[in-house]
Structure formats: structure tokens, C-alpha cells
Amino acid sequence: MPVQDPVPPQDSTPPGDPSPYAGGKQYPWTERLESAVDDPYAAGRSYPWFSPMAASSLKPQGPADGQNFLSGLQWTSATNTWGPVELDRSNGGQNAADGSVLSVGGRTFAKGLGVHAASEIRYALGGQCNTFTARVGVDDEVGARGSVQFSAFGDGRMLFGSGVRRGGDPALPVNLSVAGITELRLVVGDGGDGTEYDHADWADAVLSCEVAPPAKDVSLSALAYVSATNGWGPVEFDRSNGEQGLRDGEALTIAGRTFGQGMGVHAPSALDYDLGRTCTTFSAQLGLDQEVGRRGSVVFQVYGDGQKLYDSGLIRGGDPVRQAVVDLRGVQTLRLSATDGGDGLAYDHADWADARLQCGTAVTGQPGTLDPGFGEGGRSSVGGVATVTEDSGALVVLGGQFDLTRLSSSGVVLGRGAATLNGAAPLNGAASALALQPDGALIAVGYADGQMVALRYQPDLTLDPGFGVGGVVRLRLGVAASQYDSDPVRAAATAVTVAPDGQIVLAGYAARPFSPAPGVTLSDDDFALVRLNSDGKPDFTFGENGTVTTPLNALLAGGDASTDKLYGVALQPDGKIVVAGEAQYDANNYSSVVARYLGTGKLDPSFSGDGLALGGLGERSTFHSVAVEKGGTVLLGGGTGRFFTSALLQRFSPVGEAGTGVRFQFRVPENVQLFQTVVTALLLQPDGGVVLGGYAGDTAFVARFGADLTQDLTFGAKPGGAVSGGNVPVGSGSLIGLTQDPQGRIIATTAQFTATGIEGDGTVRLFP
């Protein structure tokens, strides 16, 4: 967005010149709003239309990042009071292309729409876009005169109202969610004092669009396309093509048969979809819609990755329904094309009725091997500290600096977000964990400026300004550093989970005061739990103002210092909170700890007598991950031995009794005395087994264990090859996050600590 130094707005009419509006002059203009006639084709009319281009895994034929300037899109209708709507220039006078550079409040903009109140512009989105952004105001060409009001509507619902904006006011930023919306309507009205000099700018008006492949069987009218073109107005969903406007068709009807779902198009038409190689079959009922009678002729064609897979041959108005069933196994790109029958496009209203995809049955492979349908040979270069799977099948990866990347189910970048709001600097800290709320928002936790934080991102990956302050809740739990405890991180969240009602539970640690002797106050780290309501406000029914800290000094250190940290958290179905961590109670001794808290924040006395249980098979140990199994047993992963030289899996009963533990190695250590090996992530499987992630030295691994905690040594083995030992290397470093997609495929994202901070390695997908 080019920006020039602000200059005071000037009166654009020389002194003494008459007002161009004198005498009530207007130059009303419309486009694509002609009334219906018996034969619009004979009248020479034409309404070709194309959609925005969404980011996807398909080869870009437009903006690869899904950014679509409105000045480059085809509206479905437009009206303006003073000549035509202008593209990338101000409204100017009554003629086309007579405006100047868009300028509001002294700032100029290269892109946008110049209009004049009253004005209305409509765009068909097809449910494929996520956000609409712009900067709005009265154009500087009218000086300090003019007053307007901007409004934006999505499917008839008001999304934005600017209030009155006057000449000389600075540009007002607009940032709206348009997720799922099929029609965007932009309206400019006068400011209550008539329309004189009401030259208004939708500057830098952009639609950001992204789509993900289907994760399950779906009706095609419910799946957003990557892009679409149509010969007569926009593509229609669950109705016939109709006329040039959106939603002006009738029920889909072919040869007397009516269909509830499908797409109504007009030749020439093409719809492109990203399947991500997850679908097996396309089916549809084809024909010309009954609204054109026995007129029109079309040919329906289906393409997969550029190869023609189906051709209907010529179909005429009144012909019976034609069924199409097409094999899509291994197909990434689906194109549905309707061409004219060689006699022009007149009355070529074509229906893809009952169009459906059978999906979610992608090619499978040997468990634990890379899935070539993801990224490049099973790997994406985007890595991080945690990842979640969204309902659409897309992935969101959390980077070490609270940056987010959304990947399609085929591993293509669909969008990015960062922990900044209104140009603010990124947070000074590090992220550790990510969770998905029921409404699709994302919760990231870690620390910033030395204290625990939680951030909420909206589905479009922007910070939610209604959550905390600017999308960030800062939890100042740690006391100030002293000469005896100079660690700059005074409190941090290391894990997060979300309850079904959207409540957020953070687990970590905080530097809290303790007194080893009368009159002496020091600080050390204690367990810290926080529960927030879904909007980020503290849950005052939990602990003290939503916070609980638990010191283990008396339990393990005889009242002396004990560094107690939580690394894992899980919720039981009854709302109890299970946490996992460690206590370092002198220079050489660590104890792994599992604890259970009631919904009030108090330790649960029905768990190990006092809510706390120690693990580790009688030697130095740590727990870094926890999962609650069916029946209430608790599975924990960590490390044991001096310097945690063996990976550890251990199970506890529902009442906190320590069960059998398993020690193992991800790989043969170079130095058994110094080679640290720890399990840091657990992913429960439907058969009672567990997929786990961890690190050994400078390499991250994934492994699978059965319900009896016996390692699956065939996991990751090549078909027909030797058994690999069951440990699959997936990246560098000691940070790994695990999730799985709707097909049960295992996704691991990895990162490592570097001299400049946390750096992502990559994300892989393994066959389950």
C-alpha cells in the first residue's frame, strides 16, 4: 500500500465556481441490473463472471496467497450516484476513468474503489473467503466537504458500520470475517445532509480467501471451490443459474425431476476444487435446467489433474437426466466444465445436480512411513512447537514466536498469522502449546516479557481483540527476580487444554516466594494452574481468582527450595484436571509428579491420598506429557535415570497407584551417561495403544506402543524390509507436537532451540 506524507485536504472547487450539484444534478449509473426480457441473448446482453481465487495446493492461476483486490474482481451488480464506480482511482466526475489517485486524510492508495453516495456493490463469494479488509473515508479530491457512511453486509446481515465520515478525516481500517458468506454487499450512504461531494473510497479493499480439501464425504455445493467462472452471472448453489444476479434461480429441475442440492451454472463454466488426493469418487445427475425448456445445449466434462476423466456428449434442453460417476483416486485437482454445444451459449443453463464426493479414503501405506500425499514426499518445511487439526482437515502449526501457519490436508500453506495487532511489535517471549476451541478459535500459550500468557486467534488467524488486551491475556504470577533467582522467566505456560464449553486450562510454573528460615524470603518455581473462561476472563470459581499454585517444598525438600514445573495437562470427562511434571528438590534429585485437581482447584484427595503421586521407578525422573485413558487410568511420558538417559512410559490407576513403567531408547546413545532421552507428547489410539513423540539428543522421534505398553517394532518398517526397531526419526531438536487428522493419520511437527530462539524444522504425516 503506497503511502504518501499526509497533506491537509483542500477545497477542490475554485472560489466562485458553481457547485456541480446545483439544481439537484445527478448522474446515476448501474451495471448488471437490467430488467429481464424475453430473449436477453438477442438483445446483445452478456454477464460473464469469475470468482475470487483462493489459496490452496493447486497451481496458482491468480493470487497464490489468496489476496484478491476488489478492483480486480467481477461484481454481480453495482450502482453509483455520480457516474460509474471507479477502479483504483477516485470517483471524479460523471464520466468513466476521470478520477485521481485514491487519497483519504492525506494518504494515497494504489488499489481500491472510488464511489459516490448513494452507492451499492455486490460480490458473490461462494463461501470461499475468510476476511475482508479495507480503509475507508471521503476522498481528498472534495477537500473538507462531503459526509458519508460506509456499511458492509454478509448474506443480508450487517457486518460493519462506519458512522459518519467527513472530508479530511483519516482513513478508517476495516477488518471483517466473511467466513462462509456467499454474498458481500458494500453500501455507502450520505451522512444525513444530502449527497453533495460525497466521494467515498473503499481503499485497499481486499478479500483473503483460502480453502482446504474435504476430509469426508461431502455435497459439492457445501464445499468451497478454489475458483470459478460462469457465462451468465455467478455460480448458484442448490438452485438453477437463473439470471445475472446471485440467488435468482429456481429449484434445480431436470426433465421434471427436482433436486435439493447441486450447482446451477451457465456455459461456458468451470469450477476448480482442491481434493488433496483424499477422494475416491465424484457423482452427479446432469442436464439442462427445466427453466430454459427445450432450448440450449451443453457438454459436461470432468477433469482430474488436467486429464479428461468424463465427457457427457451433447445434452439438449428437455433431454432426460444423465448420471455421471467418476473415479478420482489419487486426484489432486478437480475441474467441472460445462461447454456450449457448438451453437453458442444461448440458454445453456446447466445443472450439476446432486453432485457429491466420496472422500476420506486416501491411499494407505505401511504404518509409521511417510504419506506421500502430504507436502513433498510426506514432509512440509513448516515446523513448530505444536499443531492441531481443524474440523475441515486443515492443520494449524504454532511457531516458537506465537506465529501460526495453516496447512491444507495436502501440506500446502493456506494462511499465516502472527502475534501482532494494529502493527504492534511481536511478543518478546516463546510459545509452547496450542489448543482449538469449539468455535474454531485457537489458543496459544507460553510466556512473554517473563510472564505467563494466553493468546486467542480468530479462525482467520488474526488476534481476537475481545480477548484480554488486544488478543493477549497476561498472567503476572511470578514474583520479581532476585540476586538468588535471576531467571528472567518468572512464569510460563507449558501446556493448555480446552473444555467442551470452551473454558481454557493452562499449566506451567511460576516463581513464588518461600521462606526457608524466619525473616528470610526467597523464591522458587511452583506448579501453576490457571482456568480462564472462553473469553479470557478468569474463572473465579477456580482457586484464587482463577489461579492455583502448588509448592512441593515441604513434601520433597523438607521446607528448602524445590523447583516444581508442570509440562502436561489433561481433562477427565468429569472435569477434574490431571497434570504432569517434575520437582527438582536439590542439586542432584528430581522426582516425576502426577497430580489431580478438583474443578474448584483443590487437590483431589481421592487420588493417592492427597492429590499428588510420585513416579519414576524409584530413581530420578520427569513427566512431560499426560493422557487420560478410557476407564480413568492415567498414562504419562517422560524420562528417567541420571540426566534422564532413558525414555519413560508409566501408567497410574484412577486412584493414583503407580503401575508398571517401561524404559526404552529411541536410538543407541553415544554416551549413555549424558544422552538425554524424554517422551514429550502422547496421542491415544482407538485400540488402546499410544503413539508418542520425544527426543534423543538432537533428534525427534515418533513411536507406537500397544495397550500393554509393548513397543510396536514394525512401526515405520518399509514393506518387505527389515524391522526398523519401531522408532521413526521425524526432525531435529527436542520440541515435537503431535496430532492426527480425521483419517487417523499421524502428524508430527518439530522445532529446535537455536542461538536466536526457537526455529521450526518441519511437519510430517505418517500412515497410522
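A search of the whole predicted structure finds 27 salt bridges, a salt bridge being a side-chain nitrogen of Lys or Arg within 4 Å of a carboxyl oxygen of Asp or Glu.

| Pair | N to O distance |
|---|---|
| E120 and R185 | 3.1 Å |
| K308 and D311 | 3.1 Å |
| R704 and D712 | 2.8 Å |

E120 and R185 form a salt bridge. This pair links distant parts of the chain, 65 residues apart: E120 lies in strand β9 (residues 119-124) and R185 in strand β14 (residues 183-190). Strands here are DSSP runs of E with at least two residues, and helices are runs of H or I with at least four, numbered from the N terminus. E120 and R185 also belong to a network of salt bridges with R122, D155, E183 and R247.

How exposed are these side chains? Buried means under 20% relative accessible area, exposed over 50%, and partly exposed in between (1.4 Å probe, protein chains only). E120 is partly exposed at 21%. K308, at 44%, is partly exposed, and D311 is partly exposed at 36%. D712 is buried, with 18%.

In the protein chain as a whole, 56% of the 768 residues count as buried. The secondary structure comes to one helix and 56 strands. Along its principal axes, the C-alpha trace spans about 90 × 70 × 40 Å.

Residues are numbered from 1 along each chain as its sequence is written. In this predicted model, local features need pLDDT of at least 70 and side-chain atom pairs count only at pLDDT 80 or more, while totals for chains, interfaces and linings use all residues; side-chain values use heavy atoms, leaving out hydrogens and water.
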